[in-house]
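Please walk through the metal sites of the structure shown here. Take them one at a time.

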Amino acid sequence: MSSQEKPITMNQAIDQVAAQLDGPTPMDEFIRRVLELWPSKAKNPAASIRQRLRYGDAPLVTLPDRKTVIPVALALKGVRFRIPLSRQEARRGFLLIYPNFDIFLNQHLRPEAARLFDKQGHPLPTQVIQVRQGHLESLGPYKVPAFRLTDWFHKRRVRRGDSILVTVEDWQQGHFRLEHEPARKRRQHQEEIARKNREMADLFFDILEAAYYEEIFTQQAVPTVYALMSDPRGYPGDHWIQVVEQDPRMRWTGGAITYSDRFSPLERMLFGQTPVPQEVNCPPELARKVYRFKAALRYRPGLWRRIEIQGEQTLADFDAILRQAFEHDTLDHLGGFWKRARRGKSKRFRKVDLGTVDPFGEGEGADLPIGGLGLQPGDQLEYVYDFGDWIEHLLTLEEIADPEPGADYPQIVGRNRPRYRYCETCKAEGRKTVATWICLECSNAEQREVLICEDCLLANHETHYAGSILY
Ligand SMILES: [Zn+2]
Ligand SMILES: [Zn+2]
């Protein structure tokens, strides 16, 4: 058509500018340089660039200040990490590429393109082999790629429990320097390793707490953590996957890191139901304590009940008293509880699933004791009655107090002041009777609210579909 050069794409421009950066760079400057190469007519081209940085596989990461970017190649350059050798690896003389080199091996490189060197910088003959692993239930044995290092392992007398310390020489090219560290040497560095692990775990967790969603992608999070660590090129702690897996706050899902108590819809499907922590115990000193909650309808906060329940009592007990307090059906529908957990020091919350309770007092959340949920005054739970109609209640813990002698918990100890409405039939006959029903059929037919008392409901609307009114 024309002899003009084919215009550069946004991704090409991002890659080109990233390759030119020599350190952390202000986001604005980066965007300006990309736009110089990629003159876009889009309405908000900067937003597209930010979008790719956030969710794409761009070769650079955004630091938590959200104002600075750094190329992955620079964030990882010279970084040292530890591979703990399994029995299989030590005995047969290879290093599994995954998960050992996850993130460290540039995903755009084939493993065969990687180059390994020894401590002195001499190339190690690098061969990629396929290693047979155990059985996946339905697939039978499967194979995974590994770097074969039999001779080097043999010469170094590498054993199970030893570590290979790896230095990322060049992330772009896939160049790594390997050192063998015998297990006894690792033992001399216990404290240093523990300190490094703690620093790394806290960095991952801070990034997770600050993230918009409740998971962070390792492709971005791992280089970011190395960019923030105080001494990522010094003696290494444990492998980042181990650090995350050992931290009770988080878990690694393969491509992402999430909260240990959060499960994706897919995981829920696989597990069949909510994988709720089974071992939640109420500390003995909290067993008799009384937890006073203000329970309010989420979308009608003027309608509330004050409920007291003891630490050793369960979500099943709570569900039963909530149904009674809000006049929900006690014979039908599920109830479900969530805990609202503050994210970092922000005003943002995430919901931790505590499980459901069915009308028979069963369900995966039924046996959780209130005193085992780690609640402090001011903390909130959410309760949903009926997963079809989805009626939300906000339960705010007001106080943890000592029990009153002779009281029978759980109990309803307070309620909003009712603003009564009156039966229109009685009113027409000159009587003032509180309306406890709304006739839905008459309301619909007459396009207004037809409110009636129980007697008038039975007398005039017996076959009509009606709903009760709660005050
Ligand atoms: Zn009436
Ligand atoms: Zn009616």
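The four donor atoms around the zinc ion (ligand 2) subtend angles of 106 to 114 degrees, so the arrangement is tetrahedral. For reference, the ideal angle for four tetrahedral donors is 109.5 degrees. The model is predicted.

The donors to this zinc ion (ligand 2) are Cys439 (SG), Cys442 (SG), His461 (ND1) and His464 (ND1). Cys442 and His461 link distant parts of the chain, 19 residues apart. Cys442 belongs to helix H14 (residues 440-446). His461 lies in the loop between helix H15 (454-460) and strand S24 (466-468). Cys442 is buried, and His461 is buried too.

Now turn to the other site. The zinc ion (ligand 1) is coordinated by Cys423 (SG), Cys426 (SG), Cys453 (SG) and Cys456 (SG). The distances run from 2.2 to 2.3 Å. What arrangement do the four donor atoms make around the zinc ion (ligand 1)? Their angles are 100 to 115 degrees, which makes the arrangement tetrahedral. Four donors count as tetrahedral if all angles lie between 85 and 135 degrees.

The sequence spacing of the donor residues for the zinc ion (ligand 1) is C-x2-C-x26-C-x2-C. Here Cys423 and Cys453 link distant parts of the chain, 30 residues apart. Cys423 is in the loop between strand S21 (411-415) and helix H13 (424-428). Cys453 is in the loop between strand S23 (451-452) and H15. Cys423 has a relative accessible area of 0%, so Cys423 is buried. Cys453, at 4%, is buried as well.

Notes: Residues are numbered from 1 along each chain as its sequence is written. Chains are lettered from A and ligands numbered from 1 in the order in which they are written. This is a predicted model: local features need pLDDT of at least 70, side-chain atom pairs count only at pLDDT 80 or more; totals for chains, interfaces and linings use all residues. Side-chain values use heavy atoms; hydrogens and water are left out. Donors are N, O and S atoms within 2.8 Å of the metal (3.2 Å for Na, K and Ca); water is not among the atoms, so sites may look incomplete. Four donors count as tetrahedral if all angles lie between 85 and 135 degrees; four count as square planar and six as octahedral if opposite donors are over 155 degrees apart and all others between 65 and 115; anything else is irregular. Helices (H or I, at least four residues) and strands (E, at least two) are DSSP runs, numbered from the N terminus. Buried means under 20% relative accessible area, exposed over 50%, partly exposed in between (1.4 Å probe, protein chains only).
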